[in-house]
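This briefing goes through one protein model by topic. It starts with an annotated site and moves on to the sheet and the charged pairs.

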Amino acid sequence: MSTRLNKSMMEFQDHLRHSKRIVALVGAGLSASSGLPTFRGSQGLWKNFNMIDLATPDAFYIDPGLVWQFYSYRRHAALKAHPNSGHLALARLSQVPSVEFVTITQNVDGLSIRAGTPRHKLHEIHGSLFDLRCTSFGCNYVDHDNFVDPLTPALGGTEEEFDRSGRKRSMHGDEDTDGASVSPEFTPVKQLDDSELPRCPACGDLLRPGVVWFGESLSLQLLNRIDGFIEQGPIDLMLVVGTSGTVYPANGYVDRVRYKGGKVAIFNTDIEDSVVDGQQEGVWGFRGDAAETLPQALDPLISQVCP
Ligand SMILES: [Zn+2]
């Protein structure tokens with residue numbers, strides 16, 4: 001570790017020890033360390049469909065069977081991944097008695113919950129792959145943290161892929177570790193009848209994945225709960241983990257915390273040099289894999305509670 005990083009880390013940990021109210025803002029970079037694809041760039045395709053075309057209310061209206069197969073695949077991939085040391089460090093921070101702490105995550109993969117973060121201290125602003133919501137207007141049925149896989153018999157087996165050599169790339173095995181570099185072929189998308197898809201136990205209508213799709217608004221109720229926590233008293237420290245923190249509403253939270261005198265610590269592979277070099281007042285930057293840097297940085301507090 002360089003002298004400068006050492007100095008930043010000591011300053012950060014000194015501030016951490018005196019922090020009473022902390023917020024973590026978590027993005028895709030943290031789950032990338034658990035091996036989950038972020039569905040951006042070259043990985044933005046699923047069975048030759050652009051995932052952006054599948055993650056919309058229109059796509060679900062036109063072909064719910066297709067969209068459910070995509071989400072069944074994503075649920076399966078997320079369940080195969082394990083929470084990493086970064087998720088576990090944040091879960092432990094939420095158990096430190098002297099600190100009021102909440103996690104705001106942009107990730108939908110359920111890894112923070114599976115790491116042991118209490119549900120009431122976790123705000124999943126883009127929803128969760130493991131929440132199911134009824135599509136019927138007026139039916140408020142929601143099923144949280146449903147980890148059943150597959151959700152219906154018809155959705156089973158749709159996650160298998162084949163690489164160019166014809167070798168089976170099953171999500172059940174680890175035989176392929178660099179799958180992102182090949183152009184896979186897939187088991188064809190099945191034509192599924194609505195009756196073969198997850199149904200609402202309350203009203204019988206179709207259930208949908210409880211994620212926020214393109215063109216949909218974030219939950220106002222959830223944003224209000226986060227606002228409530230931030231307004232209740234000054235936030236001493238904001239941890240920005242695996243995200244640049246520059247996209248709405250994340251950027252707004254960072255600005256508000258700083259405006260009220262709170263400090264910010266960024267844990268990401270990609271951070272501006274001026275931040276890493278300590279040239280921005282009140283902001284620390286720890287460049288690298290957050291699954292490694294975060295547990296080390298939080299050690300003074302999380303070592304107080306059992307893993
Ligand atoms: Zn319903």
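In this predicted model, the backbone oxygen of Gln106 lies 3.1 Å from a polar atom of the His126 side chain. His126 is the residue that UniProt lists, in an unreviewed entry, for "active site".

**Annotated active site**

- His126 sits in the loop between β5 and β6 (127–134).
- With a relative accessible area of 26%, His126 is partly exposed, because its value falls between the 20% limit for buried and the 50% limit for exposed.
- Neighbours within four places in sequence aside, His126 is in contact with Thr105, Gln106, Val108, Val211, Val212 and Leu218.

**Annotated binding site**

- The unreviewed UniProt entry places the feature "binding site" at Cys134, Cys139, Cys200 and Cys203.
- These positions are spread over 70 residues of sequence, yet they cluster in space, with a largest C-alpha distance of 9.1 Å.
- Cys139 is found in the loop between β6 and β7, and Cys200 in the loop between β10 (185–186) and β11 (207–211).
- Cys139 has a relative accessible area of 18% and is buried, because the class takes in values under 20%.
- Cys200 is also buried, at a relative accessible area of 4%.
- Not counting residues up to four places away in sequence, Cys139 touches Cys134, Cys200, Ala202 and Cys203.
- With the same exclusion of residues up to four places away, Cys200 touches Cys134, Cys139, Tyr141, Asp205 and Leu207.

**Sheet and packed helices**

- An open sheet of 6 strands has the order β5-β4-β1-β12-β13-β14, and its pairing is parallel.
- β5 and β14 (283–287) stand at the edges with a single partner strand each, so one side of each has no neighbour in the sheet.
- On average, neighbouring strands of this sheet are turned by 15 degrees against each other, direction ignored.
- Strand β1 (residues 21–26) and strand β12 (residues 237–241) run parallel and are joined by 5 bridges.
- Leu25 stands opposite Val240 in β12.
- Helix α9 packs on the sheet and touches β1, β4 (100–105), β12, β13 (263–268) and β14. The direction of α9 makes about 150 degrees with that of β12.
- Helix α11 (residues 290–302) packs on the sheet as well, touching β1, β12, β13 and β14. The direction of α11 makes about 145 degrees with that of β13.

**Salt bridges**

- Side chains of opposite charge can pair when their charged atoms come close.
- How many salt bridges does the model have? The count comes to 9.
- Arg119 forms a salt bridge with Glu124, at 3.2 Å from N to O.
- Arg119 is partly exposed at 32% relative accessibility, whereas Glu124 is buried at 8%.
- Arg119 also meets Asp145 in a salt bridge, at 2.8 Å from N to O. Arg119 lies in the loop between α7 (111–114) and β5 (122–124) and Asp145 in the loop between β7 (142–143) and β8 (161–162), so this pair ties together parts that are 26 residues apart in sequence.
- Asp145 is partly exposed, with a relative accessible area of 26%.
- In another salt bridge, the closest N and O atoms of Glu231 and Arg256 are 2.7 Å apart. Glu231 belongs to helix α8 (residues 220–231) and Arg256 to helix α9 (residues 250–259), so the pair ties together parts that are 25 residues apart in sequence.
- Both partners are partly exposed: Glu231 at 46% relative accessibility and Arg256 at 27%.
- Salt bridges with shared partners join Asp227, Glu231, Arg256 and Lys260 into one network.

Conventions: Residues numbered from 1 in each chain as written. Predicted model: local features only at pLDDT ≥ 70, side-chain atom pairs only at ≥ 80, totals over all residues. Heavy atoms only, no water. Salt bridge = Lys/Arg side-chain N within 4 Å of Asp/Glu carboxyl O. Buried < 20%, exposed > 50% of the residue type's maximum accessible area, 1.4 Å probe, protein only. Helix = DSSP H or I, 4+ residues; strand = E, 2+ residues; numbered from the N terminus. UniProt positions renumbered as here; feature names shortened; annotations may be inferred. Contact = heavy atoms within 4.5 Å. Polar contact = N/O pair within 3.5 Å; in protein donor to acceptor, adjacent residues only side chain to side chain. Pairing = 2+ DSSP bridges. Axes fitted to C-alpha atoms, helices over the stretch in contact; angles between N-to-C directions.
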